[in-house]
Amino acid sequence: MNELNYDYVENFLYENIKRKSDFLESLEKEALENHVPIISPDVGQFLKFLIASKKPKKILEIGTAVGYSGLLMLSGSEQIEKFVTIELNETTANIAKENFKKAGEDSRVQVIIGDGLEQIKKLDEDFDLVFIDAAKAHYQEYFNEIKRLIKPGSLIVCDNVLYKAMVTTDDLLVRRKKTIVKRLRAFIDEVINLEDFESSLIPMGDGLLVAVRIK
Ligand SMILES: C[S@@+](CC[C@H](N)C(=O)[O-])C[C@H]1O[C@@H](n2cnc3c(N)ncnc32)[C@H](O)[C@@H]1O
């Protein structure tokens with residue numbers, strides 16, 4: 001259970017998603033078997049929905065893992081011209097590169113190996129959609145830096161912002177996670193109140209924060 005929803009709600013949401021390609025199905029299965037953290041099925045479906053609605057041409061992702069969320073976002077989205085994804089772990093990033101290649105997507109994908117924040121700072125191009133799914137303690141820094149790379153109408157989607165519901169109540173908070181939770185709470189408060197963004201917190205997966213730049 002993800003702590004945010006009742007099991008029966010979560011199961012229902014997970015069952016009611018569009019059928020994926022055999023490759024994505026097997027990648028998802030393999031990731032789960034190997035304990036690679038990947039987006040939950042409802043978050044994946046929501047990203048597909050956002051992409052179908054907004055038709056982004058350029059996407060930036062922080063936190064590639066084995067490329068599952070990237071491949072899901074790319075599948076069936078021919079208008080995506082460029083997908084840049086940043087991963088700290090070199091071994092994982094190389095597995096992702098292989099997976100993008102196997103899926104025939106390597107020509108529009110750029111996998112950058114390195115720390116999310118350091119690598120975002122080096123980027124100098126606009127993105128229509130940014131998906132943040134890496135080190136939770138650094139979401140605020142990622143977001144601040146990403147602002148430079150997006151125009152009005154562009155979206156920033158952040159996964160895991162409610163972190164096993166610990167962000168919502170101290171009753172669930174485990175001591176060693178205190179700092180991350182404190183940072184996530186401050187991050188949410190800051191983003192929700194930004195003048196140039198309109199945002200929404202969604203109790204989906206491990207908690208999503210979706211922000212659109214309005215000016
Ligand atoms: C939750 S997983 C990403 C899952 C992926 N988006 C998916 O759904 O298929 C988080 C990833 O972020 C990576 N990561 C952690 N800290 C990072 C950092 N500082 N910079 C870039 N990547 C980082 C981890 O190695 C891990 O692979």
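1. Let's start with T92, which is found in helix α5, residues 90-102. Helices here are DSSP runs of H or I with at least four residues, strands are runs of E with at least two, and both are numbered from the N terminus. T92 is buried, with a relative accessible area of 19%. For the cut-offs, buried means under 20% relative accessible area, exposed means over 50%, and partly exposed lies in between (1.4 Å probe, protein chains only). Leaving aside residues up to four places away in sequence, T92 touches A65, V66 and E87, where contact means heavy atoms within 4.5 Å.

2. A word on the source before you read on. This is a predicted model, in which local features need pLDDT of at least 70 and side-chain atom pairs count only at pLDDT 80 or more, while totals for chains, interfaces and linings use all residues. Residues are numbered from 1 along each chain as its sequence is written, and side-chain values use heavy atoms, with hydrogens and water left out.

3. Strand β2 (residues 82-87) pairs with strand β3 (residues 109-113) in the parallel sense, over five bridges; two strands pair if DSSP finds at least two bridges between them. Which residue is the bridge partner of I86 in β3? That partner is I112. Together, β2, α5 and β3 make a right-handed β-α-β unit. Right-handed means that, with the strands pointing away from the viewer, the path from the first strand over the helix to the second runs clockwise.

4. β1 and β2 run parallel and are joined by five bridges, with K58 standing opposite K82 in β2. The chain goes from β1 through helix α4 (residues 68-74) to β2, and this β-α-β crossover is right-handed. β1 also pairs with strand β4 (residues 129-132), in the parallel sense over four bridges. There, L60 has V130 in β4 as its bridge partner.

5. Next, the aromatic rings. A pair of aromatic rings is described by the distance of the centres and the angle of the planes. Rings of Phe, Tyr and Trp (its six-membered ring) pair if their centres lie within 6.5 Å; planes under 30 degrees apart count as stacked, over 60 as edge-to-face and the rest as tilted. How many aromatic pairs does a search of the whole structure find? The search finds seven. One of them is the edge-to-face pair of Y139 and F187, at 5.9 Å centre to centre with 80° between the planes. Y139 lies in helix α7 (residues 139-146) and F187 in helix α8 (residues 178-192), so this pair ties together parts that are 48 residues apart in sequence.

6. F187 has a further partner to look at. F143 and F187 also form an edge-to-face pair, 5.8 Å centre to centre and with 70° between the planes. This pair, too, links distant parts of the chain: F143 is in α7 and F187 in α8, 44 residues apart. F143 is buried, with a relative accessible area of 1%, and F187 counts as buried at 1% relative accessibility. Ring pairs link Y139, Y142, F143, F187 and F197 into a cluster.

7. Two lysines deserve a look as well. The charged end of K58 sits over the ring of F127, 5.5 Å from its centre, and the charged end of K136 sits over the ring of Y163, 4.5 Å from its centre. The rule is that NZ of Lys or CZ of Arg is within 6 Å of the ring centre and within 35 degrees of the ring normal.

8. Finally, some backbone angles. Most residues other than glycine have a negative phi, and most peptide bonds are trans. Y163 has a positive phi, near 35°; Y163 lies in the loop between β5 (155-158) and α8. Is Y163 buried or exposed? At 9% relative accessibility, Y163 counts as buried. H35 also has a positive phi, near 60°, and is found in the loop between α2 and α3. H35 is exposed, with a relative accessible area of 71%. K55, which follows α3, has a positive phi near 50°.
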